Amino acid sequence: MDSRSKLVISIGLLLVVIAIGVTGYMFISGDSFIDSLYMTIITMTTVGFGEIHPLNYNEKLFTIFLILISIVVYGYTVTALTEYLANGKIFERLKHKKVQQKIQNLKNHTVVCGYGRNGKQAVAKLIQFNQPCVVIEKRVNEIAELEKDNILFIEGDATNDEDLAKLGLDRAKSLITALPSDADNLFVVLSARQFNKDFTIISRASNESSYGKLKFAGATNVIMPDKLGGAHMASLVVTPDLIEFVNRLTVTGDVEANLEEVSVNELPSKYILKTILDLDLRKKTGCNVIGFKTQKNEYIINPDSNTKLEKNTFLIVLGNKEQILKLRKLF
């Protein structure tokens, strides 16, 4: 029997003793319910208050009986409560409730399934961008690391719909599933898409055969870390200088060259339906527009200056750290 069950039983026994005391005093002494309850409580708690009237022989025997069973029940209750607290159940429940409240307050957040190597990298990048995120993990070692890193998480199985439901997927902006098994990632994608038809789902995959299945299941993007790693190593042989230059580009703002994504929707209204030339980013910030994402999700590299800034389009901007900071201040 677990500590919680023992605690419930002990509370039940206390209520039974009170019921016995009240019934006994009402039957033996003919007292009212309130008087009987008063006599029962002062007898059980042994506070030393006086009786409401002198006790006769039968009432004294009943009071002795009530004191004895109260001592036994108290002993059991104290043991059960001590065991419950020692096991940390109450603190775990309070902590769990606090975490759930934080998750309930999240909006436009990212859910990360799995805190392995890829999951950790994803969380680190999200934190760099001050993006709210919550992790779901079931492995003990990873949970200890999440607690140490003070990252919002729940202990659970991402392939379990009940656990997924706790993550506020209906309010989430995106989900990253980085579980070791392609089958588990596929299951998460299928389940997550049922919770939210519109948000972005990014899945890790180990086998090429899983790519099409994950896309069909509803994944927006499928990433194959092993394939990317091999391609990157080969590129270092074929075009080393080009790869080294690209590696210097970042979106974290801590090296000399940075990339930034600018949503046209977030620009001042006066620029809507104007052109990239009208925006004049080069003169205002020193940044260069090197890419443009159309309403049809098509990417244009080095777009023409006469490209129209329509709703639901994006600009990809390149600049150094100071130029990007100017860009962020302006827009």
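What percentage of the 331 residues in the protein do buried residues make up? Buried residues, meaning those under 20% relative accessible area with a 1.4 Å probe and protein chains only, make up 37% of them. Please keep in mind that this is a predicted model, in which local features need pLDDT of at least 70 and side-chain atom pairs count only at pLDDT 80 or more, while totals for chains, interfaces and linings use all residues. Residues are numbered from 1 along each chain as its sequence is written, and side-chain values use heavy atoms, with hydrogens and water left out.

On overall shape, the C-alpha trace spans about 105 × 45 × 35 Å along its principal axes.

Turning to the largest pocket, about 2000 Å³ of space lies in it. The closest to its centre, among the 41 residues that line it, are Phe129, Gln131, Lys173, Ile202 and Glu261. A pocket here is an open set of points on a 1 Å grid where a 1.4 Å probe fits, with protein on both sides within 12 Å along at least five of seven lines, and lining residues have an atom within 4 Å of a point. The elements that give two or more residues to this lining include helix 5 (117-128) and helix 14 (321-330), while strand 8 gives the most, with 5 residues.

Notes:
Points joined across faces, edges and corners; volume = space filled by probe spheres on them. Helix = DSSP H or I, 4+ residues; strand = E, 2+ residues; numbered from the N terminus. Buried < 20%, exposed > 50% of the residue type's maximum accessible area, 1.4 Å probe, protein only.
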